[in-house]
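Me: I'd like to go through the salt bridges here, and then one of the strands. Can we take it question by question?

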Amino acid sequence: MRSITLLWVLLSSWTIQTQAQMRISPETVQQWANAFGKQVLALSNRYSGAQLLQKIRIKPGTLTVLCGGGLSLPDYLLLPPGLWKYKDVEPIVKMQEVDGLKMVKEFAEEMENMLGRKMKSVKRMAETVEDADLYHEYNATLEFDYYNSMMINTLDEDGNYVDLGGEFPLEENEHFNKLPVSTQQSVIQVPTNVYNKDPDILNGVFMSEALNDIFTSNFEKDPTLTWQYFGSSTGFFRLYPGIKWTPDENGVVTFDARNRN
């Protein structure tokens, strides 16, 4: 069965297809540019001392300089940069000559290493799912339970876990926008208009179980990773880390991985 059409890892919004050719959307390039700009700004703030200078307060009528002292008296004013004088801040500001070319090279190396780690994660996922699909034998009568992101931690009227649900421990994670997640297990999302026990779905989910170990391994090797995804042409969407999927106000899940570029 060749059910795989898409393989995604959200690694600073990386998108990749299992075809040999990589297509990068303008939106993705814009996100990369924004991320690059933020890193440049962070480096600039770090080495220029701009944030330090912004905290300098001078008392009217004096040359008393306070910085980072935690004082907030009403008679202290934050002066605009144009009114600063170097002699006023000389005791707390250190001027140091830097090698601009060296800084650029170091930054470029950091970017190259970072992007290299992301690409290695993508390749591990691609190789794993391709091998799993190659050796998987389609079974039209397959019975297989999995964690459905809509059903996890849901009880029926008798207090039992619903079908395709079960107990799924979630913990709030700062790295994932403080969302309750499980970094030990992925979940499966299926749109409302797709039967979640269709043989194609069950076979695809069963085949892609191999990705669980790769997801966790990728995250252990590179803790800067965020969401890792796998989407299938049959309609299911495997997501790591696992989360509880929230439907819309009508109880409908409209997200369909097959409609994503």
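Me: Is K197 buried, partly exposed or exposed?
Reply: This is a predicted model, where local features need pLDDT of at least 70 and side-chain atom pairs count only at pLDDT 80 or more, while totals for chains, interfaces and linings use all residues. Residues are numbered from 1 along each chain as its sequence is written, and side-chain values use heavy atoms, with hydrogens and water left out. Buried means under 20% relative accessible area and exposed over 50%, with partly exposed in between (1.4 Å probe, protein chains only). K197 comes in at 28%, so it is partly exposed.

Me: Which residue does K197 meet in a salt bridge?
Reply: A salt bridge here is a side-chain nitrogen of Lys or Arg within 4 Å of a carboxyl oxygen of Asp or Glu. K197 has such a contact at 2.6 Å, N to O, and its partner is D163.

Me: How many residues apart are K197 and D163?
Reply: Helices (H or I, at least four residues) and strands (E, at least two) are DSSP runs, numbered from the N terminus. K197 sits in the loop between β8 (187-189) and α5 (199-207), and D163 in the loop between α4 (100-135) and β6 (171-173). The pair therefore links distant parts of the chain, and the separation is 34 residues.

Me: What is the relative accessible area of R238, which forms a salt bridge with E209?
Reply: The closest N and O atoms of R238 and E209 are 2.9 Å apart. R238 lies in strand β10 (residues 237-240) and E209 in the loop between α5 and α6 (211-221), so the bridge ties together parts 29 residues apart in sequence. E209 is partly exposed at 30%, whereas R238 is buried, at 1%.

Me: How many residues of strand β9 are buried?
Reply: Q228, F230 and S232 point one way from β9, Y229 and G231 point the other way, and all are buried. In a regular strand the side chains alternate between the two faces of the sheet. β9 (residues 228-232) is largely enclosed by the rest of the structure, because its buried count is five of the five.

Me: Which residue in β10 is the bridge partner of Q228?
Reply: Two strands pair if DSSP finds at least two bridges between them, and β9 and β10 pair in the antiparallel sense over four. They form a hairpin with four residues between them, and G235 in the turn has a positive phi of about 120°. Q228 has as its bridge partner Y240.
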